[in-house]
Amino acid sequence: MKLTIIGCSGSMSGKDSPASAYLLQATGVDETGQERVWSIVLDFGPGAMGHLLRYADPARLDGMFLSHLHADHCADIVGMQVYRRWYPEGALGPIPVFSPGDGAARTRGIADDPLEETYAGEFEFQQIKPGDSVKVGPMEVKFFAGWHSVPAVAMRITGPSEADPDRRVTMTYTGDTDYVSTVIDAARGVDLLLSEAAFEEGRDLVEGIHMTGRRAGVVASEAGVGRLLLTHLQPWTNPVRTVKDARAVYDGDVETVQAGGVYEI
């Protein structure tokens, strides 16, 4: 699997990055037995649609996975809908969209579309819950409960290694969440943990919304992950301190991601 950071700014788009959006790709066979690259996105916040065009053809996207329905993680689904409906060579047809909550209603709310708009020509909205799993090509996505201010899930994805397609590898994306045992379960033993770390130790005291670098490091340590990538840093959150706090409790490789970064798993 190959992970490309479309956007990583927390709670809003930033001066150097869209809000949360991640492209995950893996090579596998289709229903005809032909080998091809399968592509999914994990979240699709403000600015994601434009930046996705840098890395992949949106017309060939195989699925969208939304960790929750806050605008900073899903607002650019409206851009994807317009792209698919009005593509110059003809409408592109529906792709599956998985989310905890009513994705169609949320999209109507963002777009200010009427109740009779179902988006059936562009999307197949499917509501998921912790414990569910979905397969897209060679990748399998399992959902775990997060601890956030709205229903939210962490995602554990299994797929072929980019270096050795015969070997299966795993990554977990936390979505937005505070430290909670279910996220540790989601991350247990994965090769790569992509964890939010929006808050700073000592500054942000509210619980049940976001993790700090330290809490993300604790998750990585307790879950025994191979590598920790920190994301969803708000424009006022210090990345140097965030990494330092994570390293204080986790001995593995730690870094903050940047838009355009590519990681082979």
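Colleague: Where is the place of His-232?

Modeller: Look in the loop between strand 12 (227–231) and helix 7 (239–247). Bear in mind that this is a predicted model.

Colleague: Why is His-232 called buried?

Modeller: Buried means under 20% relative accessible area. His-232 comes out at 1%, so it counts as buried.

Colleague: What makes a polar contact with the side chain of His-232?

Modeller: That's the side chain of His-73, at 3.2 Å. The cut-off for such a pair of N or O atoms is 3.5 Å, so 3.2 Å is within it. The backbone of His-232 is worth a look too: phi is positive, about 60 degrees, although the residue is not a glycine.

Colleague: What is the phi of Ser-11, and where does Ser-11 sit?

Modeller: Its phi is near 70 degrees, a positive value in a residue other than glycine. You'll find Ser-11 in the loop between strand 1 and strand 2.

Colleague: Why is Ser-11 called partly exposed?

Modeller: The label covers what lies between the 20% and 50% cut-offs. Ser-11 has 30% relative accessibility, so partly exposed is the word for it.

Colleague: How do you know whether Asp-16 is buried or exposed?

Modeller: Exposed means over 50%. Asp-16 has a relative accessibility of 59%, so it counts as exposed. Asp-16 is in the loop between strand 1 (2–7) and strand 2 (21–29), and its side chain joins that of Lys-15 in a polar contact of 2.9 Å.

Colleague: Which residues lie nearest the centre of the largest pocket?

Modeller: Asp-16 is one of them, along with Cys-8, Ser-17, Leu-233 and Val-257. The lining has 18 residues: seven nonpolar, nine polar and two charged. The space in this pocket is about 440 Å³.

Colleague: Back to helix 7. Which of its residues are buried?

Modeller: Thr-242, Val-243, Asp-245 and Ala-246.

Colleague: What makes you say that the buried residues of helix 7 line one face?

Modeller: Seen down the axis of helix 7, they fall within an arc of 160 degrees, so one face it is.

Colleague: What do the buried residues of helix 7 pack against?

Modeller: Helix 6, strand 12 and strand 13 (253–256).

Colleague: Why is Asn-238 said to cap the N-terminal end of helix 7?

Modeller: A side-chain oxygen of Asn-238 lies 2.8 Å from the backbone nitrogen of Val-240. A polar contact needs the atoms to be within 3.5 Å, so 2.8 Å meets that distance. Asn-238 is also among the residues in contact with Glu-200, as are Thr-212, Trp-236, Thr-237 and Arg-241, leaving aside neighbours within four places in sequence.

Colleague: Why is Glu-200 called buried?

Modeller: Its relative accessible area is 10%. The cut-off is under 20%, so Glu-200 is buried. Its place is in the loop between strand 11 (192–196) and helix 6 (213–223).

Colleague: Which residues of helix 4 are buried?

Modeller: In helix 4 (residues 103–111), they are Gly-103, Ala-104, Thr-107 and Arg-108. They cover an arc of only 140 degrees around the axis, so they are on the same side of helix 4. Helix 3 (77–85), strand 5 (95–99) and strand 6 (123–127) are what they pack against.

Colleague: What is found at the start of helix 4, and what just after it?

Modeller: At the start, a side-chain oxygen of Asp-102 reaches to within 3.2 Å of the backbone nitrogen of Ala-104. Just after the helix, Asp-112 takes a positive phi of about 60 degrees.

Colleague: And helix 1: which residues are buried there?

Modeller: In helix 1 (residues 48–55), Ala-48, Met-49, His-51 and Leu-52 are buried. Their arc around the axis is only 165 degrees, which puts them on the same side of helix 1. What covers them includes strand 1, strand 2, strand 3 (35–44) and helix 3.

Key
Residues numbered from 1 in each chain as written. Predicted model: local features only at pLDDT ≥ 70, side-chain atom pairs only at ≥ 80, totals over all residues. Heavy atoms only, no water. 1 Å grid on protein atoms, 1.4 Å probe; cavity = no way out; pocket = protein on both sides within 12 Å on 5 of 7 lines; lining within 4 Å. Points joined across faces, edges and corners; volume = space filled by probe spheres on them. Nonpolar A, V, L, I, M, F, W, Y, C, P; charged D, E, K, R; others polar. Buried < 20%, exposed > 50% of the residue type's maximum accessible area, 1.4 Å probe, protein only. Helix = DSSP H or I, 4+ residues; strand = E, 2+ residues; numbered from the N terminus. Arc of directions from axis to C-beta. Contact = heavy atoms within 4.5 Å. Polar contact = N/O pair within 3.5 Å; in protein donor to acceptor, adjacent residues only side chain to side chain.
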